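Start with a question and keep the structure in view.

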Amino acid sequence: MSTPREPLWEVFVRSRRGLNHVHVGSLHAPDAEMALRNARDVYTRRQEGVSLWVVPAAAITASSPEERDAFFDPAADKIYRHPTFYDVPEGVEHL
Amino acid sequence: MSTPRPSSSPPLRSSDEQARRDPALTGSHVDYVLGLADDALVSAQRMGWWISRAPQLEEDLALANIGLDLLGQARSLLSHAGEIEGAGRDEDDLAYWRDERDFRNVKLVERPQEDFGVAMARLLVLSTWQSELYAALQRSTDPTLAAIAAKAAKEVAYHHDHARQWVLRLGDGTEESHARMQAALDAEWPWVEELFDESHLDPALVADGVAVAPSSLREPVLRRLEDVVRAATLAVPDVPPRVPGGRAGLHTEHLGRMLAEMQHLTRSHPGATW
């Protein structure tokens, strides 16, 4: 039951062991400070995270479904971009 | 609870010493802890009214979280009161089987809060007072009380922040939100003074270092409250305080009705579990 005037915010949570913030959902809030607090209450009730980002949904520019072919299909046949043709020398741990 | 005791406080009271204590002081100790427990319990129950009624889903969850924090504080405090009393009453006995006159909460928390402005004004008052109280209680010579206070301090810091954010926005919002927030403050303010009343507190408990003198919290609490009220472009209400009495079991007409609802299930089905 959110007031239509309240903008939508996208919420990102970094979990205790995670290195990056992961998108978990969205919520309504009148401003950034309240959005952060709402995110705390809605998305971290069960100790899901140690850090939160909120981003105005309007600030996100997304690729559109119509552009999907032009955007992503050309990568499909460039298998040489995957490092699968190289032999990994013995003893290399962090590749 | 295992928060380390501050090194400055006297050594732990042994159970022998506890047993040799003046029984009257033990009674005052129970009453003091029950007062704090009942403040939290009654607030939690009132906060629960908002679940499914908040202006938005996000606020619904926030108020539910706050209510659950308060309920958790109430449970620890009630259990502790039962242990000091030593009559075999547990948290449920104390929450569900005491009548209105045995409740020790301040009257601030027992009245209905079915207006969002009132709910936020009251939460601001309660959380400001609780955060000063729990900060001081962490040095209590009652180690369990000190440990409960240490845990609760973090929770009420968040409650305070939540209430403050709303009071600032509603006060400094539209003409209507400003007027309604002011009306809410005016409605809650007469009940603030009871928080600092010590007419029902045994001075020996303060001397013992168990209790925090309520009057010592008056100045810091009022100063913090007034800072928020002014920042929200609101006026600090100039209203006479209501007569205290909650700590002695003298309540408004509202508590009995609230307890009837809260206690009804347990009393209709004693011992029921699910």
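Which helix of chain B gives the most to the lining of the second largest pocket? Helix 7 of chain B does, with four residues. Keep in mind throughout that this is a predicted model.

Stay with that pocket. The second largest pocket holds about 670 Å³ of space. Its lining counts 19 residues. Closest to the centre are A:R5, B:W166, B:L170, B:T174 and B:S177. Three helices of chain B each supply at least two lining residues: helix 5 (116–137), helix 6 (143–171) and helix 7 (175–188). By class, this lining has seven nonpolar, six polar and six charged residues.

Now turn to the largest pocket. Its volume is about 1000 Å³. The lining of the largest pocket is made by 36 residues. Nearest the centre lie B:L41, B:Q45, B:L71, B:Y96 and B:M262. Four elements of chain B give two or more residues to this lining: helix 2 (23–48), helix 3 (57–85), helix 4 (91–96) and helix 10 (253–268). In the largest pocket, the lining residues divide into 20 nonpolar, seven polar and nine charged.

Next comes the helix packing. Two packed helices are described by the angle between their axes and the distance between the axes. The crossing is left-handed.

From helix 2 of chain B, the contact takes B:Y32, B:L36, B:D39, B:S43 and B:M47. From helix 5 of chain B come B:L123, B:L126, B:W129, B:L133 and B:L137. Eight residues of the contact between helix 2 and helix 5 are nonpolar, one is polar and one is charged.

How many cavities of 30 Å³ or more does the structure hold? There are two. The largest cavity contains about 60 Å³ of space. It is lined by B:S43, B:R46, B:M47, B:V109, B:Q113, B:A119, B:R122, B:L123 and B:L126. Helix 2 and helix 5 of chain B each supply at least two residues of the cavity lining. The largest share, four residues, comes from helix 5 of chain B. By class, the lining of the largest cavity has five nonpolar, two polar and two charged residues.

How confident is the prediction? The model scores ipTM 0.71 and pTM 0.86. For chain B the mean pLDDT is 93, and 93% of its residues reach 70 or more. Residues 1–12 of chain B are another matter. Over this stretch the pLDDT is below 50. Beyond near neighbours in sequence, residues 1–12 have 16 contacts in the model.

How values were computed:
Residues are numbered from 1 along each chain as its sequence is written. Chains are lettered from A and ligands numbered from 1 in the order in which they are written. This is a predicted model: local features need pLDDT of at least 70, side-chain atom pairs count only at pLDDT 80 or more; totals for chains, interfaces and linings use all residues. Side-chain values use heavy atoms; hydrogens and water are left out. On a 1 Å grid over the protein atoms alone, a cavity is a set of points where a 1.4 Å probe fits but cannot get out, and a pocket is an open set with protein on both sides within 12 Å along at least five of seven lines; lining residues have an atom within 4 Å of a point. Grid points are joined across faces, edges and corners, and a volume is the space filled by probe spheres set on the points. Ala, Val, Leu, Ile, Met, Phe, Trp, Tyr, Cys and Pro count as nonpolar, Asp, Glu, Lys and Arg as charged, and the others, Gly among them, as polar. pLDDT is the predictor's confidence in each residue, from 0 to 100. Contact means heavy atoms within 4.5 Å. A crossing is left-handed if the near helix is turned anticlockwise from the far one by less than a right angle, and right-handed if clockwise.
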